[in-house]
Amino acid sequence: MSLIRDAKRLERLAQQLLNNKQHNGGEEEEEEGLAALEQAANFVVNFNMAGLYRIESQMFVEWLRDHLCDVDALGKKMIGGDGSDAKDLADAFRDVIDRVDRHRVQSEKMGKELYEKAKSASKKSKSIHQRQQTLRDVARLSTQLSDQLNTMRQLQETLVVPAISRVVPSSTQKSFNNKVLLKLGILESRAHLVGMHDAVWECGIKGEKEKFEKEIPYVARMMIERWRKSLYLPKAGALDYGVDGVKS
């Protein structure tokens, strides 16, 4: 959810810079905005997406296959009886997991192109027309990335998450979550947590808030505002460039 939110924020920033350019914004302001765009794209692609997809590719996909493609477990916990339909169900989940993984690969490619476009926008050699086209490309790719991520999220929320809740014991889920935090590292996981918090609170969905408060320890929740100032904003603050006077 946080990555979807950040992709939309990046699209807003690119559109804002494009509008400023069309209305003859000053050269210093333009350079500042383009620097913010590169910093924002770097956060979205090389920090947020890279961290989440590192977990997904190295841990989560294999974990899903272990639990949702286990014929015996599915037969006992989801179907009951002799589990005669368990193999078909396991095959169906394998197809879903493969789709999720393909979406990840596509999103990574899109993200790399997006970052390269954002980085190239500030090149002095670009003409005004070329820079405007590059900003349009960044906005377009950000929208496409957001749409792709939404598709992935809907797929997981509709099919994967309910299955996990039925098949995988809560203690096993909690153990996996702890391994994820260790894999991310202390500082990186804290920055991701701030982004998760902001995305959940911004969406306004009561169930998402309750889920966040249930799964995230109280002490960590109490530290979010401190981590926002010390860890999150130095990396992600550029995404809010131009919003209520925010500068990079």
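## A bend in helix 5

The bend at a residue is the angle between two axes, one fitted to the seven residues that end there and the other to the seven that start there. In this predicted model, helix 5 bends by about 40° at Glu-157.

Helix 5 takes in residues 128-167, and because each of its 40 residues is counted at 1.5 Å, the helix should span 58 Å, a value with which the 56 Å between its end C-alpha atoms agrees.

Ser-146 is one of the residues that lie in helix 5. Its relative accessible area is 4%, and because buried means under 20%, Ser-146 counts as buried.

Once the neighbours within four places in sequence are left aside, Ser-146 is in contact with Ile-4, Ala-7 and Lys-8. Between Ser-146 and Leu-10 there are 9.9 Å in space, taken from C-alpha to C-alpha, although the two residues are 136 residues apart in sequence.

## The chain as a whole

The protein chain has 10 helices and 0 strands, and its C-alpha trace spans about 70 × 40 × 30 Å along its principal axes. Of the contacts in the chain with a separation of 6 or more, 79% are between residues 24 or more positions apart.

Technical notes: Residues numbered from 1 in each chain as written. Predicted model: local features only at pLDDT ≥ 70, side-chain atom pairs only at ≥ 80, totals over all residues. Heavy atoms only, no water. Helix = DSSP H or I, 4+ residues; strand = E, 2+ residues; numbered from the N terminus. Expected span 1.5 Å × (residues − 1). Buried < 20%, exposed > 50% of the residue type's maximum accessible area, 1.4 Å probe, protein only. Contact = heavy atoms within 4.5 Å.
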